[in-house]
Amino acid sequence: KQTLFVAQRKASPQSVADIGNPTIRALLDSHIASSKKLPSPGSPDEYASLFEATYPVERDRTTFIQAMISGAKLAYGHLALAALLKASHAQLIWTTNFDHLIEDACARTYGTTGALSTVALDAPELAGQLIGAQKWPIAVKLHGDFRSRRLKNTTDELRQQDAVLRQQFVDACRRSGIVVAGYSGRDDSVMDALEAALDQPGSYPGGLFWLHRGDRPPLDRVSRLLQRAGDAGVECGLVRIESFDEMLRDLVRLVPALDTSALDALATGRSRVSGASEPSG
């Protein structure tokens, strides 16, 4: 929004530099809302449409993503998730992210880069082969690896999500439960797959739980999915959380005999020093 505003209004970048300022955010939203070609703020396809409008050339989109991801650092949640994978409390991750943080977290937790099998859009059939052979843990990148040529991050591309990989996703939902975290439900390809799984009897045998941040309600389509799942007898629910990190921190406390060595190392490396309290008397 900031980039489009500067380009289309021929404004100074400094004039809208502080996007944490509510006034500037409102100004950017107002500019986008005034366009006849872009979706209104908050609409389901807002991100994809804005991304495509800002970087219409695929090469430029890829370059932008690579630049944004190159400095990404592991957070508590990534390492906690890797610890759960190592303890077999989770086996399969489906992600719409482009980054390499899951791989980095598993490499640190397992002590090797060979423990995690990763599937991207370049080889969608590999997902079924690995799942069938139970080569856990597995991470499947539904929108592509940022190093892949087949990034899917614009409206038309999202709608044309790879059919083979999507079917693998549907089949997995029929065989196990799923926890959705850090995902809003904005693109049709993933939501279509989650809904398609409900067409099969006995889907989500381990439940369907949607983690949701903030006080606002989820998108209508998410609410309808959970309602439909509940009507079908699936154990499901919307779980409100503070953040992914905080949620996993609470979960780690409840899981016995979990290898937290990588988590402990992260805490040590990021220790904070606070000012001493003022002495009294």
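Axes here are lines fitted to C-alpha atoms, for helices over the stretch in contact, with angles running from 0 to 180 degrees between N-to-C directions. Keep that in mind on this tour of a predicted model, where local features need pLDDT of at least 70, side-chain atom pairs count only at pLDDT 80 or more, and totals for chains, interfaces and linings use all residues. Residues are numbered from 1 along each chain as its sequence is written, and side-chain values use heavy atoms, leaving out hydrogens and water.

You now have an open sheet ordered S4-S5-S6 with parallel pairing, where two strands pair if DSSP finds at least two bridges between them. On average, neighbouring strands are turned by 20 degrees against each other, direction ignored.

Zoom in on S5 and S6: 6 bridges join them, and Arg213 stands opposite Ile241 in S6.

H11 lies across S5 and S6, at about 150 degrees to S5.

Now select Trp210. Its contacts (heavy atoms within 4.5 Å) include Val180, Met191, Leu194, Val222, Leu225, Leu226 and Val239, not counting residues up to four places away in sequence.

Key
Helices (H or I, at least four residues) and strands (E, at least two) are DSSP runs, numbered from the N terminus.
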